[in-house]
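Me: I am new to this structure and want to know what backs up each label. Please set the values against the definitions for me.

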Amino acid sequence: MRTLILLALVGLGAQLVDGSLGMAYGVTSTTLLLAIGTNPAAASATVHLAEIGTTLASGASHWRFGNVDWKVVARIGIPGAIGAFAGATFLSSLSTEIAKPVMSLILLTLGLYVLLRFTVQGLPARSDKPLRRRFLTPLGLVAGFMDATGGGGWGPVGTPAILASGRMEPRKVIGSIDTSEFFVAIAASIGFFVGLSGEGIDFTWVLALLIGGLIAAPIAAWLVRLVPPRVLGSLVGGVIILTNSRTLLNSDWIAAGPVLMNTVYVIIWVVWAAAVAWSVRAYRRDKAVETAETAEPAEAAKPHGPEADSVSV
């Protein structure tokens, strides 16, 4: 019973993060399952089965709050499903110990870019051009494949790539990525059933993760509308850096000891907190300037002199 309660709390916390930042449900949940001895394929299968329900609820909540671009969902979700099915069948028969640190290094680079871009310069320059299929299709294939093989990766790959393009506001990037993940979760689950025949999957654990995620989904979709885009970008960048730094430190490439790992984590947390604080201050400053500029024309439009006296009479 204690394990089921823990899984439900993990599902709730992971969905709060995923629904508000566009990533980390799979990474968080899969990490816990691996820590208690579940084999990688069964852990990823368990998480993706739970994600069928959580992503459906999250997508509906984001749609209700106006956070979804359906063209982007279709253009990235379909190739994402194809990549996820391929990744699930691949993981069922092959280890990804080499592929994970390589992709983590790429994602760490993207995370650093997103953190610096949003913290130092604010929002990327917005473009009126739509996101093209030639960009979204390969992105969906890679993100879907990595999501299935790594137990998480749809958000960490898709969210920073679309954010970096500057063609969508952050809340719509997050809402569209979360909604399209529904197709990825279904395809990955089918792939794991084909590859594993259901072996090693505990459906009670699936239910516990699902319950926690369903509770958190509408809260996260509402939360993402309240967080300023610049601050949200800094938060997302920090999540990407922290998650992928952990993967690299635990890989055979580095095999870091406790002292090195803790030192790196402390540095990341301090830099991340400073970046978010900087973004909050910059947002407040920009907001104050915007308010002042809006107030000036209104003040100038008020009648002065004799006209003002006649109006007051």
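Me: Which residues have the most contacts inside the largest nonpolar core, and how many residues does that core have?

Reply: The largest nonpolar core has 28 residues, and V72, I76 and I162 have the most contacts inside it. A nonpolar core is a set of buried Ala, Val, Leu, Ile, Met, Phe, Trp, Tyr and Cys residues joined through side-chain atoms within 4.5 Å. Helices α4 (70-91), α5 (99-121), α6 (133-150), α7 (154-165), α8 (170-196) and α10 (229-250) each give two or more residues to this core. A second, separate core has 15 residues, among them V231, M261, Y265 and V276.

Me: Where do these values come from?

Reply: The model is predicted; local features need pLDDT of at least 70, side-chain atom pairs count only at pLDDT 80 or more, and totals for chains, interfaces and linings use all residues. Residues are numbered from 1 along each chain as its sequence is written, and side-chain values use heavy atoms, with hydrogens and water left out.

Me: What makes a stretch a helix, and how many helices does the protein have?

Reply: Helices are DSSP runs of H or I with at least four residues, while strands are runs of E with at least two; both are numbered from the N terminus. By that rule the protein has 12 helices and zero strands.

Me: Why is S189 called buried?

Reply: Buried means under 20% relative accessible area, exposed means over 50%, and partly exposed lies in between (1.4 Å probe, protein chains only). S189 has 4% relative accessibility, so S189 counts as buried. This residue is found in helix α8. Contact means heavy atoms within 4.5 Å. Leaving aside neighbours within four places in sequence, S189 is in contact with H48, L49 and I52.

Me: Is P156 buried or exposed?

Reply: P156 has a relative accessible area of 8%, so P156 is buried. P156 lies in helix α7. The C-alpha atoms of P156 and T243 are separated by 8.9 Å, though the two residues are 87 apart along the chain.

Me: Why does V120 count as exposed?

Reply: V120 reaches 56% relative accessibility, so V120 counts as exposed. Its place is in helix α5.

Me: What makes L207, I211, I215, I219, W222, L223 and L226 a patch?

Reply: Patches are made of residues with over 30% relative accessible area and no salt bridge; like charges are joined within 9 Å, nonpolar side chains (Val, Leu, Ile, Met, Phe, Trp, Tyr) within 5 Å. These residues form a nonpolar patch on the surface, with about 650 Å² of accessible area together. W222 is one of them. At 44% relative accessibility, W222 counts as partly exposed. W222 is found in helix α9 (residues 203-226).

Me: What makes R285 and D286 a salt bridge?

Reply: A salt bridge needs a side-chain nitrogen of Lys or Arg within 4 Å of a carboxyl oxygen of Asp or Glu. The closest N and O atoms of R285 and D286 are 4.0 Å apart, and the pair forms a salt bridge. By this rule the count comes to one. D286 counts as partly exposed because its relative accessibility is 38%.

Me: How many residues does the protein have, and what share of them count as buried?

Reply: The protein has 313 residues, and 48% of them count as buried.

Technical notes
Areas by Shrake-Rupley, 256 points an atom, 1.4 Å probe, with all protein chains shown as cover.
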